[in-house]
Structure formats: C-alpha cells, structure tokens
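I want to look up a few single residues, then step back to the whole chain.

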Amino acid sequence: MENSTRVICGIAFHTLERDVMTPLVDCAIAVDSAGTIQSVTTPGDKNHDGILARAEADGTVFPVPEDCYLVPGLVDLHIHAPQWPQLGKALDAPLEDWLLKYTFPLEAKFSDRDYAFEVYDDLVATLLAQGTTTAVYFGLVDLEPNIILAEACLRHGQRAVIGKVAMDDPATCPDYYRDPSASDAIAQTRAFIDAVAALQKGGEPLVHAAITPRFVPSCTDDLLHGLGALAQQTGAHVQTHCAESDWEVAYVRDRLGKTDTEALKDFGLLTDKTILAHSNFVTRSDMSLLAKTGSSIAHCPLSNAYFANAVLPVTRALEHGIKVGLGTDISGGFSPSLFDTARYALTASRCACAGTNPDQLAAERGTNETPLTTTEVFWLATKGGGEAAALPVGAFEKGMQFDAIAVQAGHATSGFRCSDADTMQDIFEKLVLNANAAAIAKVWVAGETIETTSKQGR
C-alpha cells in the first residue's frame, strides 16, 4: 500500500452492537498505509467534504464497484485446515469414531510438504473468495506443515490465527499420529510460536500463533498443564474444543471429575484470548466462568448438528457476557461459507427456541429463549467474531483494521437482488440471507485489495 491515506467510498453496513445494524450511506472510510481506519464519515459530518476533496485532489478516492455494498470482512473462528480435502464427505460416524476412521489418517498425510502446500494454497484462496478475511485454524501435530499454512496466509493476504495441534495421550490417539510426549508437544508449540513471529517483520502481524490442545480427551494432564503454563508465559492465543458432544462431556467427567470448562480453567487454558469451539453442553456455571475469564465461544451450528445433535444456546451465552462468534468447522461442517454459517445459526436458533416435538404443547416444546435475528448473526460473523478472536476487525471504526468485502447485487449466480422499493434494512437483510461467493466483488485485508481466484476458478 502506498504511504498515503486512501478513502473508500460507498454504501456500507456494520453492526457496532449485536442487535443494531448501522447503514453508512455515501460514507467515506479513510485508511492509512498500515490498513488502519483513520475516520468514517457520512454527508453532514464536519470533516466529510474536506476528506473527500483532499482525496480527490490526491487521486486516492476509491469508490466501491457499482451496485455493491461494503461490509466488514467475515471472521471464521474454527477451521480444521488439513480437513479441507474431506469437505462434504465422511460425516457418517459419531465424533469419537469419525476421528479415528477418517480424520487422523487424513491429517497424517500432511507430512508430505508438496501435498500440504497444494491443499493450503487452495484452502486460503478459496476462503478469501468466500469473504473470510480472518480465519482461525487448527493445524497439525507435525510442526512444518503448520509453517506452510502460515506462509500461505501471508502469501494470499489472509489474517489468521493458527495452532500446532497438541495431542499426546496414547489411550486415545493412534501411534502414527500423535506427539511422542508432553514435553515434545510443548517444545514444538513454543517453536511454532517463534516461527510464526519470525515470518513477519515489523508492524502489526497478520498471522498469529495459537496454543492448541486438540481437546482434553486427546491430551495427558502433563501436556495440558504445560500448555497452560506456556499460555501464561507467552500471552498467545489459545484454542481447543470444549463440551462438543455428550461423549466428550462424559469422558472428561469420568476422567477428571469436573466439567470440560472447569478442567480447562484448572489447567490454565482459559484466558481472554481463548477460543472454545462448540461448547454446546456448557452449564450456566460454566458460562459464568467463561465470562469471568474473558474466554470466547466459536459457535459451529452445522457441525453441531452432525456431531452433537445439539444447538448452542447463543442468546444465553451472550446474556452471560461471553464473547461469541461463528465457525464453519471445516470439515465437520460441509460449507466453507460464513454467510451459510450465519444462516444455519439463524435456523438452528429458531428451532431450538420453539422446539420440534409435536407431541408437546407449544409452551413446553422449546427453550423459550429469544431466537437470534438476522442482525445478530451478521454481528456474530463480523464484530462478534473479531472480539472473540481478540483482533481489531469486524466493524468500520476508527482504529480498527480495514478488512472488508464488497457484495454485489444482481449477480447472475447470486440470489442477492435489490429494488428501488427496498429500504436500507431490506437491502441489509437480503444481503445477509442471499449473498454468496459469486456476489463478492472485492476483498480487502489491512487495506490491501486481495486477489481471490481459487484453484477451482483458475
């Protein structure tokens, strides 16, 4: 990016609060050379005309493409990067069997550097084309393929949090795919943190390393204690699975005599930079603990339907003060689209709140909690996700990074259509409920325009 401020102009939508959508009509978003938003103005604001006039004189005004609407880039809080080749298949087994039957054998293939490069290059490019400007990735047990993933994110310009997966328990992990010891897993995790830092020179890092125990059932107590200590020493992100299924909850209870959430807290793994995938069966007491520690939940509605037969009570979690965002959970979820995930969250919420058993009276059938709205699921995919990931993204505010997508109305292969009769609220709702990858006309990360051609499109 040039050493000058650029001004992106057009109609934008964002959600500064979870239940309030703010349209920015004919806005001007000034972005500096580091990708940081310096100001957001609309007609009538004190400095709006002057900002536009100076930018026009400098040749640094960039209108969004015609018929496009600007929204913050999408934040995916839970992706298993090495499971990309498995997307859309192998969903016929419960979680504990699925891992051993399909997933661990697939992940073990990534010891082949060329294979890892090919898969990750396609994954990152494709997710950017889907509008995912920030991705939180589970990587692999082996160190080197995780560095290849980090390099792919930097090469394509995707903001990311990446974790070297740690799993050492011989009782639950196959001999061909696990860390040889707790000490080795901790040392390799530290080495990955250092390697990611070394890839980036100066300025705000685009890629962050995360401490990543796969989940409690795959890790010994020594490993979990060691990773908790490493989290306290480094201040790095932490990610793991939590209370995903009845099997996981029962396993942890039988082994440790406590809930999954309580165990993670006692191991030192709940911090204000912790992202917990799923958390379907966290108790109200667990929720209070997560709110107290500042830990976040990655809500994965699609994979929850396959591996948990459950729906996270998102509204309850938010009312407890927990940070929540969305995750596709590739490949436990079969869609790479955060727009799809937002819609699945909307549908799942409505079904859970109203219930589905016709043999019960309506008043007794569901949770009777307030279902999510279109505005709220968009917030989860943007501002909520950014807060959960502890990253300055997800809204058009001064001081935040300009990660954004331009969504085009009227594209031949997208359902997103607008008419003169539509209000700003109408257009926003149509965008959230109908836009797809074909409608994404432009992508920016840290103020840079991103090339979004994936392998399938070449």
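Entry 1. I started at A342, which sits in helix 12 (residues 338-354). My helices (H or I, at least four residues) and strands (E, at least two) are DSSP runs, numbered from the N terminus. This is a predicted model, where local features need pLDDT of at least 70, side-chain atom pairs count only at pLDDT 80 or more, and totals for chains, interfaces and linings use all residues. Residues are numbered from 1 along each chain as its sequence is written, and side-chain values use heavy atoms, with hydrogens and water left out.

Entry 2. Is A342 buried or exposed? A342 has 3% relative accessibility, so I put it down as buried (under 20% relative accessible area; exposed is over 50%, partly exposed in between; 1.4 Å probe, protein chains only). Setting aside neighbours within four places in sequence, I found A342 in contact with L326 and V377 (contact is heavy atoms within 4.5 Å). I also checked A197: C-alpha to C-alpha it is 32 Å from A342, and the two are 145 residues apart in sequence.

Entry 3. Most residues other than glycine have a negative phi, and most peptide bonds are trans. The I330 to S331 peptide bond is cis here, omega near 0°, and S331 falls in the loop between strand 13 (323-326) and helix 12. A243 is not a glycine, yet I read a positive phi of about 45°; its loop runs between strand 10 (237-242) and helix 7 (246-256), and A243 is buried at 3% relative accessibility. N309, also not a glycine, has a positive phi of about 50°. I found N309 in the loop between helix 10 (301-307) and helix 11 (314-319), exposed with a relative accessible area of 71%.

Entry 4. Which residues have the most contacts inside the largest nonpolar core? They are Y120, Y137 and I162, in a core of 111 residues. I count a core as buried Ala, Val, Leu, Ile, Met, Phe, Trp, Tyr and Cys residues joined through side-chain atoms within 4.5 Å. Helix 3 (residues 113-129) gives the largest share of this core, 7 residues. Another core lies apart from it, with 15 residues, among them I8, C27, C68 and A404.

Entry 5. Zooming out, I counted 16 helices and 16 strands in the chain. The C-alpha atoms fill a box of roughly 65 × 60 × 40 Å along the principal axes. Buried residues make up 58% of the 458.
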